[in-house]
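Here is a short briefing on one protein model. Look over the sequence and the structure first, then read the points below.

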Amino acid sequence: MVSTLILGAGINGLFSAFMLRKAGLEVHLLDQGDTGKESSWAGAGILSLLLPWHYDANINALAQRGRALWPSAATRLGTASGINPEYWRCGMLVLDPDHREAALNWCGAHNETLDRLPLDLRAKFPERRHQSEPLYLPEVAQARNPRIMQALREAAIRAGVILHERTRADRLLTQGGRVIGVDTVSGRFTADSVVVAAGAWSGGLLSELSMAPEIWPVRGQIMLFKSTPGLLPCVVYRRGHYLVPRLDGHILVGSTLEEAGFDKRTTAEARAELLDFAYTTLPVLRDAEIVTQWAGLRPGSHGNLPFIGRHPEFENLYVNSGHFRYGVTMAPAAAEVLLESMLGQPAGIDVRPYAWQARVNPQTGC
């Protein structure tokens, strides 16, 4: 029997495993595929809510705590793994912002810096092209998802986390008021405590339990361009889509929001949508090389608010899932919330809004 069994090796499973191991627990981490190769790998790595003034206080609290923790987390992961996650405070430009007054009020209330556009951005995005004056948030950062996951995987292994890749969990095993383990394609694992952090697949693992949270897949498609370094100096957001530059000249264009079940295929319709956005927003991309297109499955949840904490009827079952499109942003803070629930270690925010019993109606199960 192992001390703690975590199901799902995406960013929240890995971050949780790393933190629990650092707290002294024996941790085994199971994933149905290769570590971190689902939604965590596929995302754009913007370490902020895209338009935080559109989200409620509880989502903002978790995302803002994650933002505050990411600089030190990136340094710690880089040191622990020898792999640079490419944390970069590049800023974010919001073109054609709606609800401008709400945005300005939110920035003032949360000490979010708003600056005038730098000269290089004024040249690339003349204000006369857009419906309203852009907003420039210079403190917004990003990190490179594949490198985050590589760094987390290596740091977790070096810390003593035991990985079991390509080990699909089929069902949770319960006895009385406890979960005693899980049946997998590789056999049975038993544990003192179990954490479900399987992203879009979490809902299926928990579906046979009472008071099961509703978590479902939401497909997102992204395209990748290769251009010259420095062509785009910051994240650009416009009407539901974004451009994300990498230090080596790659530029991500994303993303779609599609209810397509567990279908991860890319589509011609999404390609056309993303290319139209890219070329109208930054026309110079017409001369850039298109590298590839891919899709990932986000873990959707009602209100976009994740479930983090203990199951109200199973004393040793925990969840850390349902982060929708902000799993990377929230990951350090979500791990803190989980550790408070499991070990009593204080988190930097109020953990109650993310608790299972605060989110699930025992009559309807959702």
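A contact here means heavy atoms within 4.5 Å. By that rule, residues 24 or more positions apart account for 73% of the contacts in the protein with a separation of 6 or more. The model is predicted. Its average pLDDT is 92.

**Overall build**
- The protein has ten helices and 15 strands.
- The C-alpha trace spans about 65 × 40 × 40 Å along the principal axes.

- Of the 366 residues, 57% count as buried.

**Confidence**
- A pLDDT of at least 70 is reached by 95% of the residues.
- Residues 362–366 stay under 50 in pLDDT. For this stretch the model has nine contacts beyond four places in sequence.
- Where pLDDT is low, the predicted coordinates should not be read in detail.

**A look at Leu343**
- Leu343 sits in helix 9, which covers residues 327–343.
- Leu343 counts as partly exposed because its relative accessible area is 35%, between the cut-offs of 20% and 50%.
- Beyond four places in sequence, Leu343 touches Leu20, Ala23 and Leu25.
- Leu282 is 61 residues from Leu343 in sequence, and their C-alpha atoms are 48 Å apart in space.

Conventions
Residues numbered from 1 in each chain as written. Predicted model: local features only at pLDDT ≥ 70, side-chain atom pairs only at ≥ 80, totals over all residues. Heavy atoms only, no water. Helix = DSSP H or I, 4+ residues; strand = E, 2+ residues; numbered from the N terminus. Buried < 20%, exposed > 50% of the residue type's maximum accessible area, 1.4 Å probe, protein only. pLDDT = per-residue confidence, 0-100.
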